[in-house]
Amino acid sequence: MEALRPVLEKCGQQHLLEGYEELPAEQQAELLHQLEGIDFEYVNHIFTASMAAADIPAAPAAPVSDVTTLKSSTREQRDGWRAHGLRLIAEGKLAVLLLAGGQGTRLGSAAPKGCYNIGLPSKKSLFQLQAERLLRLQALAAQQAGAGTPERPLRWYIMTSPATDAATRKHFRDHAFFGLREAQVAFFSQGALPALTEQGRIIRESACRLSMAPDGNGGVYMALRAAGVLADMAAHGVEAVDCYCVDNALVRLGDPLFTGFCHSRGVQCGARVVAKAYPEEKVGVFARRNGALEVVEYSELDPAEASASDPATGELKYGWSNICLHYFRRDWLEGVSDKLAEMGRYHVARKKIPSLDGPVAGVKLELFIFDTFPLAASTALFEVRREEEFAPVKNAPGQGLADSPDTARDAILALHKGWVEAAGGQVTSSEGVEVSPLVSYAGEGLEELCGGKAFASSYDMHLQAGVPPVCA
């Protein structure tokens with residue numbers, strides 16, 4: 001209390017201690033514990049900077065023209081990038097970073113979103129699908145490195161949130177880490193920021209608790225340092241990080257093609273992109289402002305600009321969608337948190353905030369992971385196929401909505417059907433077929449299993465590596 005009081009007075013937040021002496025001892029302890037975890041000078045700084053920036057019109061955006069597209073790269077180049085990426089994995093120089101702070105509320109589940117079963121025949125959760133892809137990727141890297149080379153554990157850093165941390169850890173323990181070594185998986189939680197009034201006063205939700213909200217997926221930068229993850233990466237020789245969101249059912253985490261491409265070019269950060277499905281699609285798109293790479297939300301683009309075509313190519317001017325598949329150089333990540341503190345510009349969301357005195361008009365501050373891209377001196381954008389790498393799970397099932405468990409399940413079964421047929425098999429099931437990630441990461445190695453065979457069921461044990469279905 002003696003240490004906190006002058007800090008709160010200096011920052012104009014002394015109201016947070018009003019009525020403290022009248023609280024029961026347990027509530028006093030709860031309030032003090034929460035206050036001790038907040039950097040009030042930092043909160044004041046980012047509030048002032050963010051509110052000022054919110055009133056400044058953004059500079060005009062310009063289309064990006066430096067995307068490495070599927071048409072512009074040769075098979076020889078792609079093979080070289082993939083081999084480079086597999087070497088990174090075999091040498092322990094690549095890590096995978098998962099943003100898994102979200103809950104499955106919109107899906108009708110109280111569990112973390114990664115625990116969700118999207119309805120595949122195997123009934124595997126999103127976490128299990130991703131863990132098994134990681135295991136297969138390790139094996140592919142060891143295989144390329146040469147006979148007798150042991151598989152080197154690919155480090156998997158999982159950012160949870162205060163609401164999902166305990167349940168996520170339990171899910172992994174209950175499933176024996178899905179075959180991974182426990183030591184290669186590291187959990188850490190994203191931070192939270194207090195909600196404030198329009199005048200910058202932190203709001204008390206109750207007599208012993210502040211109104212707090214997650215700081216957005218961009219909070220990963222501060223959390224990486226605060227949780228010691230960056231130090232852990234350095235200690236294990238990690239040079240680069242592949243980052244993705246938990247709700248992408250088709251994600252190729254640690255994609256050696258993309259990571260090999262970015263690492264060989266030495267860029268500080270990169271992103272996989274897909275072409276917009278149609279002009280009005282409500283997605284953020286990559287653009288440049290003052291020469292720096294940014295993501296422009298669909299609501300920020302004039303509808304006429306969003307649907308305008310490039311006269312030279314006939315394609316959309318703003319046609320490259322952000323799908324949150326990012327590459328970061330570790331040494332760049334180490335400097336980002338300092339730069340963010342200097343910049344201090346968070347997104348301002350004005351909302352009604354529950355408070356001790358009833359709902360009040362307030363402000364929540366959050367940061368998006370792509371907000372750091374303008375800080376990078378070198379970037380790269382790399383096109384991938386939507387049907388191979390992007391199937392988000394956001395909307396409730398059974399309602400015919402896009403980006404739902406239903407559409408994600410269908411995308412996986414259709415993709416795997418294509419793999420089986422390319423390997424010489426025949427799929428007679430109307431649903432398609434599911435191939436375990438333990439059998440194939442991206443369609444490779446299926447010829448012996450599938451050649452000349454017919455698959456009448458979407459779930460076939462020959463394509464499941466002897467692993468029975470796991471009920472989430």
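Helices (H or I, at least four residues) and strands (E, at least two) are DSSP runs, numbered from the N terminus. With that in hand, let us walk through this predicted model, in which local features need pLDDT of at least 70, side-chain atom pairs count only at pLDDT 80 or more, and totals for chains, interfaces and linings use all residues. Residues are numbered from 1 along each chain as its sequence is written, and side-chain values use heavy atoms, with hydrogens and water left out.

Start at Leu224, which sits in helix H7 (residues 220-226). Leu224 is buried, at 1% relative accessibility; buried means under 20% relative accessible area, exposed over 50%, and partly exposed in between (1.4 Å probe, protein chains only). Leaving aside residues up to four places away in sequence, Leu224 touches Leu97, Phe188, Val229, Leu230, Met233 and Leu333, where contact means heavy atoms within 4.5 Å.

Next, look at the rings. Rings of Phe, Tyr and Trp (its six-membered ring) pair if their centres lie within 6.5 Å; planes under 30 degrees apart count as stacked, over 60 as edge-to-face and the rest as tilted. The structure holds 17 aromatic pairs. One of them joins Phe177 and Phe187, a tilted pair with 6.3 Å from centre to centre and 55 degrees between the planes. Phe177 lies in the loop between helix H6 (165-174) and strand S5 (185-189), while Phe187 is in strand S5, so the pair ties together parts that are ten residues apart in sequence. Both Phe177 and Phe187 are buried. They also belong to one aromatic cluster with Phe127, Trp156, Phe172 and Phe178.

Now follow helix H5 (residues 126-145). The expected span of a helix is 1.5 Å times one less than its number of residues, so the 20 residues of H5 should span 28 Å, and its end C-alpha atoms, 29 Å apart, agree with this. H5 is mostly covered, with 16 of its 20 residues buried. After H5 comes Gly146, which has a positive phi near 125 degrees.

Finally, step back to the whole chain. The domain assignment, which is automatic or from a database, gives domain 1 (59-394) and domain 2 (403-465). Their contact takes 28 residues from domain 1 and 22 residues from domain 2. Which residues form the salt bridge with 2.9 Å between the closest N and O atoms? They are Arg136 and Glu444; a salt bridge is a side-chain nitrogen of Lys or Arg within 4 Å of a carboxyl oxygen of Asp or Glu. Across the interface of domain 1 and domain 2, the rule finds one salt bridge.
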